[in-house]
Amino acid sequence: MTDNAHLDIDYVARLARIELNDAEKKKLGGQLVAILEHFEALKGVDVSEVEPTAHAHPVENIWREGDSAGSVYAPETLAKMAPESRDQQVVVPKVVE
Amino acid sequence: MPELYHQTIAELSAALEAGSLSSVALTEAVIARTAAVEAKVQAFIHYDAEDALTQARASDERRAAGKALGPLEGIPLGIKDILAVEGQPLRCASKILDNFVSPYDATVIAKLRAAGAVLWGRLNMDEFAMGSSTENSAYVTTANPWDLERIPGGSSGGSAAALAAGEAIATIGTDTGGSIRQPAALCGVVGMKPTYGLVSRYGLVAFASSLDQAGPMSRTVEDAAILLQAMLGKDPLDSTSIAMPEVPDFRAELKTRKGPWKLGVPREFLAEGIDPEVKANIEAAIDWYRQQGSEIVDISLPHTHLSVPVYYIIATAEASSNLARFDGVRYGHRSAEANDALSLFTKSRGEGFGDEVKRRIILGTYVLSSGYYDAYYLRAQKVRTLIRRDFETAFEQVDAILSPTSPTPAFKRGERSDDPLAMYLSDIYTIAVNLAGLPALSLPSGLTSEGLPIGLQVIGKAFGEADLFAVAHAFEQAHDYHRQVAAI
């Protein structure tokens, strides 16, 4: 655990791809520092000989035959879900100059 | 006899089978009750009475043709707004999914359909199941039917409140850190979280994938057993789902497994921070088991006091990854202000997510970020191992563990909404169970002097659902708490 739980809210919001306004940054920043202080309790636990748990019941790789089960979606169903679509394709802002 | 809409699945399925009741009549009674109380309770985000009646008519036709599908045939079940039901809105109580309609059924929903249930409405919840009071919904504020000024618990608050108010015969919730059990306790109903993997997560919108489980909420333990029987099973569409080696007939086993049991009471759970009335109530329940011949064993779960920090690291880390899919591109809200790819993401997410969801995504992003991963996320996963081992050690000595479900009864609206940490501590007795992947159930164990429900939590061994139900059923049948109804 870090000694000074420093949270740069602008940096983390950028990583999370969430735009926050100034009021949100101020409120969230303060709350997150309090939550991180609560996390300090984990610091005192000796975990040097302990394996991490990712799932409660260990799961190995699950294999299946490489056959196609078909698609449950017609292209028009997918295109209809998109906020903007044209010719059964999703329209997005220009990403390549 | 209580009103139709307050009866149990067991009672109603017997009446349906005997021909003294039709699914249409039952569904009409539930719809009329909902119309009468919903303005006060606000348990639903959406419901479609005509759609429910169409399903009810189809159920009656199956029965008339001698093709009734079992005890859930024709029973109206409310569904939390996080499970996909084909053709119905799926919003997770979030603005980011405002116009989304499910193109398919979740596996759990397909199984309930195949069992003949009438799928009734979309129940309110904390946005993306993040919360303990259902105040984080972007749509409506659900009231606790026992006291309309109080919260119903969360995140499955709509599922618990609808049931307590007679707006459904049973409901389906989901539980990542207590989201079935805590609202069940606060609304005076039964809520059950299965062993991790027993029920498929396909079509359950992911919050924290290593913790999420769907489960039943009902008026009695027997009803929960009937529902779980229909919901469970390994699913090729969820590679973390697990086949129970031998699936017991839970309902039949309720009558044959009678104890006495060895029941553990974790001394850490009745120590500080618990409401005195809740403590006295749970101690009385423990005494009842002792008087019935069960052996009460004092046990220790020494790492469970670390459950809250471990959970809020692991669950937020998983959420930050899972919720990356809401990017404004293929479905959901897209900002009208976006003018390039990056602002499409940041503005759509900034506008679409509510405060608690933003808080958790940011926290999860932080604990996974370069330089902090080992200190927070990896360490939390290691402490998770210690919490799991605590339970393994305890279950070498006992058949089940008894504890309170929530440290307090339902609190007032707004009381904790500005203090996320206080809100997180509502789940102090339930979270460890998810981290360890165990099954647990909350059942009504009485009322406070103010008339608010209290819940007793029973925790079982992994895949020990049959014993878990039996232990809970014994207490329930010896008392009449499950027959107490909110005056609304």
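Chain B has 16 helices and 11 strands; helices (H or I, at least four residues) and strands (E, at least two) are DSSP runs, numbered from the N terminus. This is a predicted model, in which local features need pLDDT of at least 70, side-chain atom pairs count only at pLDDT 80 or more, and totals for chains, interfaces and linings use all residues. Residues are numbered from 1 along each chain as its sequence is written, while chains are lettered from A and ligands numbered from 1 in the order in which they are written.

Let me turn to the overall form. The C-alpha atoms of chain B fill a box of roughly 65 × 55 × 45 Å along the principal axes. Of the 488 residues in chain B, 62% are buried, that is, with 20 or more other C-beta atoms, placed from the backbone, within 10 Å of their own.

What is B:L77 in contact with, leaving aside its neighbours within four places in sequence? Among its partners are B:L112, B:W120 and B:I172; contact requires C-beta atoms, placed from the backbone, within 7 Å.

Finally, the partner chain. In chain A, 44 residues are in contact with 57 residues of chain B. On that side of chain A, the largest share, 7 residues, comes from α2(A).

Key. Buried ≥ 20, exposed ≤ 12 C-beta atoms within 10 Å, placed from the backbone. Contact = placed C-beta atoms within 7 Å.
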